[in-house]
Amino acid sequence: MSYAFGHLVGAWSAGKIYEYFSKKKISHPAWFFLLLGSLLPDTDFLLDWTLGYDTHRTFTHSFFFLLLIPIIVYLLFSILKHPEKKQFALLIGLGIATHLVLDSFFGFGVPLLWPSIVHYSFVSGITPTVPPGSAFTGTAAEIGHQLKLTILDMAIGTAWIFYLWFRKRIQF
């Protein structure tokens, strides 16, 4: 399973490939949307953690989410008349796509056609349901504790990376 840093590195790599082939530099604000997109699908963990819903790798790991979020970003920045609206939308979509691809390599895959429960994985192929034992294991209390520690680790690391990026202490 790829966590926050793996998803950030995957999106950063995709951004560098995009820059190389398009012969265009990605602006500082546009990098934000690319990196944000790489983390956005795992925001469903927040629902799992705070409300107790079992939503991880559902809606936010589907083609529908991959299409919906860039459209929302494009429409929002069209209203704001921002000149980079197209690039923001493209890059948040690229970030989400890299997340889905990485999750397809690790674990049991992703439900690209959600609400269908069929999962697609580069490793195990197409599975009609989530295979048992493919996520956290243990008692409910142990799983909850593991999940909270994982989210805390991701939040601290992600906040640090975004702080460095915001302060322009790191360059891509």
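Which backbone oxygen does the side chain of serine 104 reach? In this predicted model, the side chain of serine 104 reaches the backbone oxygen of leucine 100, at 2.8 Å. The report returns to this residue after describing the overall fold.

## Overall architecture

The protein chain contains six helices and two strands. Read from the N terminus, the order of elements is α-α-α-α-α-β-β-α. Of the 172 residues in the protein chain, 40% count as buried. The protein chain exposes about 9,900 Å², and carbon and sulfur atoms supply 73% of that area. Among contacts between residues at least 6 apart in sequence, 57% join residues at least 24 apart.

In soluble globular proteins, nonpolar side chains tend to be buried together. The largest nonpolar core in this model has 31 residues, and Ile69, Val73 and Ile96 have the most contacts inside it. Two or more residues of this core come from each of helix 1 (4-22), helix 2 (28-39), helix 4 (63-79), helix 5 (85-105) and helix 6 (140-166).

With residues up to four places away in sequence not counted, isoleucine 96 touches Gly37, Ser38, Leu40, Pro41, Phe65, Leu66 and Ile69.

Proline 70 is found in helix 4. Its relative accessibility is 12%, and proline 70 therefore counts as buried, the limit being under 20%. Beyond residues up to four places away in sequence, proline 70 touches Phe65, Ala89, Ile92 and Gly93.

The buried residues of helix 2 are Ala30, Trp31, Phe33, Leu34, Leu35, Gly37, Ser38 and Leu39.

An α-helix has 3.6 residues a turn, so residues three or four places apart point the same way. In helix 3 (residues 44-51), Asp44, Phe45 and Asp48 are buried. Viewed down the axis of helix 3, these buried residues fall within an arc of 110 degrees, so they line one face of the helix. The face of helix 3 turned away from the buried side carries the exposed residues Thr50 and Leu51.

Threonine 98 counts as buried because its relative accessibility is 13%. Serine 104 is likewise buried, with a relative accessible area of 7%.

| Residue | Backbone oxygen reached | Distance |
|---|---|---|
| Threonine 98 | Glycine 95 | 2.7 Å |
| Serine 104 | Leucine 100 | 2.8 Å |

The contacts of these two residues can be listed with residues up to four places away in sequence not counted. On that basis, threonine 98 touches Gly10, Ala11, Ala14 and Ser38. Serine 104 touches Gly109, Val110, Tyr120, Ser121, Phe122 and Val123.

Helix 1 holds glycine 6. At 30% relative accessibility, glycine 6 counts as partly exposed. The C-alpha atoms of glycine 6 and histidine 99 are separated by 8.9 Å, and the two residues are 93 residues apart along the chain.

## Loop residues with positive phi

Most residues other than glycine have a negative phi, and most peptide bonds are trans. Lysine 23 has a positive phi of about 60 degrees although it is not a glycine. Lysine 23 is found in the loop between helix 1 and helix 2. With a relative accessible area of 66%, lysine 23 is exposed.

Lysine 81 has a phi near 55 degrees, a positive value in a residue other than glycine. This lysine 81 belongs to the loop between helix 4 and helix 5. Why does lysine 81 count as exposed? Its relative accessibility is 69%, and a residue counts as exposed when that value is over 50%.

Conventions: Residues are numbered from 1 along each chain as its sequence is written. This is a predicted model: local features need pLDDT of at least 70, side-chain atom pairs count only at pLDDT 80 or more; totals for chains, interfaces and linings use all residues. Side-chain values use heavy atoms; hydrogens and water are left out. A nonpolar core is a set of buried Ala, Val, Leu, Ile, Met, Phe, Trp, Tyr and Cys residues joined through side-chain atoms within 4.5 Å. Buried means under 20% relative accessible area, exposed over 50%, partly exposed in between (1.4 Å probe, protein chains only). Contact means heavy atoms within 4.5 Å. Accessible areas come from the Shrake-Rupley method with a 1.4 Å probe; for residues, only the protein chains shown count as cover. A polar contact is a pair of N or O atoms within 3.5 Å; within protein, one must be able to donate a hydrogen and the other to accept it, and residues adjacent in sequence count only if both atoms are side-chain atoms. The arc is that of the directions from the helix axis to the C-beta atoms.
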